Amino acid sequence: MKWESVIGLELHVQLATRSKIFSGAANRFGESPNTLACAVDLGLPGVLPVANEEVIRMAVMFGLAVDASIAGQSVFARKNYFYPDLPKGYQISQYELPIVSAGRVQIQVDGTTREIGITRAHLEEDAGKSVHEGFTGSTGIDLNRAGAPLIEIVSEPDLRSAGEAVALMKKIHALVRYLEISDGNMQEGSFRCDANVSIRPAGESGLGTRTETKNINSFRFVEQAINYEIDRQIGLVEAGQEVIQETRLFDPDRNETRPMRGKEEANDYRYFPDPDLPPVVIDNDYIESVRRQLPELPEQKQQRFMETYGLSEYDSSYLVANRETADYYEAAVVAAPEQPKLVANTVMGVLSASLNRENLDIKDSKVSADKVGNLVIRIADGTISNKIGKQVFESLWEGGGDVDDIIEKQGLKQVTDSSEIGRLVDEVIAGNEAQVQQYRNAAPEKRGKMIGYFVGQVMKKSKGKANPKQVNLLLAEKLEK
Amino acid sequence: MSGYTLAELSRLLRERAISSTEIVKSCLERAERHNGALNCFISLFPEHALEQAKAADSIIAAGKAGPLTGIPVAHKDIFCTAGFKTSCASKMLDSFIAPYQATAMAKLDAAGTVMIGKTNMDEFAMGSSNENSFYGPVSNPWDTERVPGGSSGGSACAVSARIVPAATATDTGGSIRQPAALCGVTGLKPTYGRVSRYGMIAYASSLDQGGPIAQTAQDAAMLLGSMSGFDPKDATSADVRVDNYLDALNNDIRGLKIGVPREYFTPELEQPISDAVTAALSLLEQAGASVIDVELPHTDLSIPVYYVIASAECSSNLSRYDGVRFGHRCPEPKDINDLFCRSRGEGFGDEVKRRIMIGTYVLSEGYYDAYYLKAQRLRRVLRDEFRAALDLVDVIVTPTSPTTAFPLGSRIGDPVSMYLSDIFTVSVNLAGLPAISIPAGFSAGLPIGMQIIGNYFQEARLLNVAHQYQQMTDWHKRIPGGWQL
């Protein structure tokens with residue numbers, strides 16, 4: 001039987017506010033345990049939460065970016081359960097009336113565009129962390145993260161493959177970074193994914209029993225976890241067994257999901273509106289004021305890149321995938337306004353390769369955008385060849401400096417003087433008698449391929465600096481004699 | 001100097017006829033002498049109080065005194081006081097010292113009041129008799145075999161026995177007004193949002209409200225003026241201007257329209273109380289007020305609605321007492337669940353556990369709609385009935401409690417009869433309205449309280465009516481025997 005997978009994601013995105021969602025404590029990662037937890041975060045008696053207005057603004061911004069409806073009145077609710085790193089014994093979240101609902105985004109997979117529904121996005125506070133390392137017979141609690149603002153984004157079960165799920169996750173990741181509402185740092189837990197997966201016979205419309213795999217913190221793991229779940233569920237059903245509705249965890253070391261026990265099994269959360277917090281009331285004027293703050297979003301930017309810079313769909317979609325890359329690209333184009341395509345090639349080629357090699361973000365690139373622009377200008381005006389361009393880029397990457405200085409000091413300027421090139425061609429012809437003979441005896445249609453050998457020799461002699469076009473022409477001419 | 005009202009002490013202090021240190025010493029001495037019999041204080045802070053008094057005296061000497069500078073007060077042990085134990089009368093918080101000051105406390109500090117001590121109460125403000133305290137019951141100064149009412153029994157008792165001129169208290173379903181009535185003192189529950197709840201340990205967040213207990217309406221006005229106001233640390237606090245309550249006290253009440261809901265004059269209401277309220281209404285009519293009937297037809301639902309909502313909120317509010325970060329922790333927990341279960345099992349008293357269980361039940365999946373949601377709907381019905389009535393009249397007058405102080409132990413085994421003690425007060429909290437209880441007579445030597453309910457943020461009107469009544473009567477001046485000054 002052919003199976004179809006049905007996937008929905010829940011993305012927990014930490015918002016990049018200065019202070020926490022309901023207290024004045026700083027919202028930062030990486031500080032000593034419990035140094036960023038104030039009385040409100042500790043859940044001490046008598047203290048009260050007060051909603052951070054910045055959090056509301058960010059949620060509205062997200063809602064507008066996914067074409068969702070913004071609730072005129074949304075309500076904070078308490079989700080009640082006991083857990084040692086949940087200070088109040090309840091988490092303040094939103095339940096029946098979330099701030100954002102009924103949105104949509106477009107994803108592209110294998111050249112096909114699909115629209116994925118965003119069921120809702122609601123605000124909530126993060127819990128603290130239990131620390132096991134360094135404790136024996138007891139557990140430590142770090143409440144620095146307690147009260148960090150989260151927006152939980154829930155998609156419709158519109159996704160049909162792990163690839164689509166990853167595309168959605170990447171799309172939302174790019175979006176929150178474009179909007180500057182989250183740093184999206186997955187290692188630090190600022191962007192986490194729960195994946196709901198079920199299968200059904202292809203073509204059916206009912207839903208199978210789903211499992212929820214929680215807290216996956218990389219694109220690759222999401223793909224692996226979902227593929228594992230799909231295979232596991234198909235295996236079960238084909239063996240005549242049933243999928244059990246449960247919460248699972250992904251183990252990247254063993255590339256498998258396993259049922260999660262304890263914490264949140266069979267809990268009745270007893271949600272009810274939080275009496276400490278009045279409803280969040282948002283009027284149209286406010287929504288419009290936030291709309292005016294919206295930056296250019298990836299799709300708009302891609303459209304503009306294609307129109308303004310004449311880039312292909314592929315190149316433009318690569319460049320707008322994150323805001324930093326797009327900004328870098330445009331800064332480089334400012335330095336080389338005549339060469340948008342060549343700039344794109346350089347950013348997507350040598351720059352991206354170097355960044356990958358050293359596992360750096362583009363914002364930490366060792367070569368600035370204007371230098372990439374300068375480099376492109378020198379390639380375009382024929383001062384250096386493409387190949388030498390790579391060499392110059394490497395020099396910039398390793399030791400910094402100025403493009404023209406490097407070309408000058410390393411003597412990389414392209415040789416375009418035809419007498420100089422002619423001399424090198426003569427040397428090569430004189431030094432390769434056998435090959436020349438072979439060439440001259442060959443049928444004309446085979447010569448095209450054979451000439452490459454001589455071009456290589458000339459280029460080698462010129463240390464790559466000879467203009468390859470001129471070398472080709474001169475060789476062809478002189479070999480004919 | 002005990003027995004003086006707050007207003008009198010304020011005048012004497014500024015006339016330099018007496019010093020704050022002298023007053024505070026006298027209060028402390030009286031507290032130490034009588035606390036054994038009354039048990040109205042959980043903590044006394046003699047050293048701290050004398051330091052504050054000394055500081056107040058120098059402010060007075062410098063001519064910079066405000067009306068409350070140097071006035072001793074007692075605080076219900078539900079308000080967090082930085083550096084001083086705040087127990088909420090629970091074993092759970094027997095060792096808890098908050099690192100922050102409740103906003104109401106900070107405001108009274110800033111006004112120059114002196115904290116004598118923290119008063120006894122029902123555990124987490126849950127009770128109507130002050131018998132649910134980890135520190136033992138409080139006695140009624142009028143008859144030590146009887147309850148002072150609750151949950152602010154300690155505050156009402158301390159004012160009634162003239163240990164302090166005034167005290168702070170809180171009211172979730174009647175916890176200021178009912179003990180004020182049973183102890184023969186004046187107690188005001190302000191409009192929800194008038195006094196900040198920050199640092200006031202939560203029982204039922206949508207109902208809790210702090211306020212004063214004092215001998216007179218005038219004293220209550222002085223204290224309330226300082227406690228009130230918008231607080232950015234409490235999202236439910238109201239950004240509404242605080243009236244000058246003292247200025248309004250002497251307004252004429254001619255033409256005042258008083259509504260009387262017949263629904264409050266039930267068979268359970270003791271006849272002498274009904275008679276006392278009727279007599280008080282006649283007196284107010286003689287002073288130029290008119291009395292008309294108003295309807296509050298769903299009053300009988302207020303007790304079940306209250307116990308569903310208050311219990312639901314408390315079941316969640318009290319989840320933070322888990323033994324992990326502060327408060328009572330059981331010895332040698334086996335694992336985290338054992339730590340949760342035993343810490344809470346050992347730390348909470350029976351009434352608290354009962355309400356946590358009721359609250360957990362009414363919020364449970366499958367019961368939420370039938371209980372919590374329905375109660376919220378009825379809460380709106382009750383509120384709308386009050387609004388409609390207050391469209392017709394300026395204030396509503398009712399008895400505060402259906403009975404006078406009842407004997408210690410007489411209801412503690414019967415929660416429902418205990419809950420009915422608050423039948424005339426809870427609906428006011430559900431509606432979020434302000435109300436005051438003032439002494440209005442005696443029955444068999446026990447005080448009777450009369451409740452005056454006003455519209456939102458009309459505390460000035462309530463205090464005005466209460467003050468005018470107190471100009472015509474002396475019930476509030478009577479002091480229980482046995483605590484001679």
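Visitor: If contact means heavy atoms within 4.5 Å, how many residues does the contact take from chain B and from chain A?
Guide: Chain B gives 39 residues and chain A gives 30. This is a predicted model, where local features need pLDDT of at least 70, side-chain atom pairs count only at pLDDT 80 or more, and totals for chains, interfaces and linings use all residues. Residues are numbered from 1 along each chain as its sequence is written, chains are lettered from A and ligands numbered from 1 in the order in which they are written, and side-chain values use heavy atoms, with hydrogens and water left out.

Visitor: What area is buried between chain B and chain A?
Guide: About 2,700 Å², with 61% of that coming from carbon and sulfur atoms. Buried area here is the accessible area (1.4 Å probe) that two parts lose on being put together, summed over both.

Visitor: And by class, what's on the side of chain B that touches chain A?
Guide: That side has 20 nonpolar, ten polar and nine charged residues. Ala, Val, Leu, Ile, Met, Phe, Trp, Tyr, Cys and Pro count as nonpolar, Asp, Glu, Lys and Arg as charged, and the others, Gly among them, as polar.

Visitor: Which element gives the most to that side of chain B?
Guide: α10(B), with five residues. The elements giving two or more residues there are α10 (302-317) and α11 (336-347) of chain B. Helices (H or I, at least four residues) and strands (E, at least two) are DSSP runs, numbered from the N terminus.

Visitor: How many salt bridges are there between chain B and chain A?
Guide: The count is one: Asp276(A) with Arg197(B), whose closest N and O atoms are 3.0 Å apart. A salt bridge is a side-chain nitrogen of Lys or Arg within 4 Å of a carboxyl oxygen of Asp or Glu. Over all chains the rule gives 58 salt bridges.

Visitor: Which residue of chain A forms a salt bridge with Asp276(A)?
Guide: Arg78(A), again with the closest N and O atoms 3.0 Å apart. Arg78(A) sits in strand β4 (residues 76-80) of chain A and Asp276(A) in the loop between β15 (272-273) and β16 (280-281), so the pair ties together parts that are 198 residues apart in sequence.

Visitor: Switching to folds: what order do the strands of the sheet in chain B have?
Guide: The sheet is open, with eleven strands in the order β1-β3-β2-β4-β6-β5-β10-β11-β9-β7-β8 and mixed pairing. Two strands pair if DSSP finds at least two bridges between them. β1 (41-44) and β8 (290-294) of chain B are the edge strands, and the twist averages 30° from one strand to the next.

Visitor: Which helix packs on it?
Guide: Helix α5 (residues 153-160) of chain B does, touching β1, β2, β3, β4 (166-171) and β6 (209-214), and its direction makes about 155° with that of β4(B). Axes are lines fitted to C-alpha atoms, for helices over the stretch in contact, and angles run from 0 to 180 degrees between N-to-C directions.

Visitor: Are β2 and β3 of chain B parallel or antiparallel?
Guide: They pair in the parallel sense over five bridges, and Val73(B) stands opposite Met115(B) in β3(B).

Visitor: What about the sheet in chain A, which strands are at its edges?
Guide: β2 (69-70) and β14 (256-259) of chain A. The sheet is an open one of nine strands, β2-β6-β7-β10-β1-β11-β12-β13-β14, with mixed pairing. β14(A) pairs with β13 (residues 247-251) of chain A in the antiparallel sense over four bridges.

Visitor: How many residues lie between β13(A) and β14(A) in the hairpin?
Guide: Four, and Asn255(A) in the turn has a positive phi of about 50°. Asp251(A) has Glu256(A) as its bridge partner in β14(A), while Arg248(A) stands opposite Pro259(A).

Visitor: Last one: which peptide bond is cis?
Guide: The one from Gly150(B) to Ser151(B), with omega near 5°. Ser151(B) is in the loop between β3 and α5 of chain B.

Terms used
Contact means heavy atoms within 4.5 Å.
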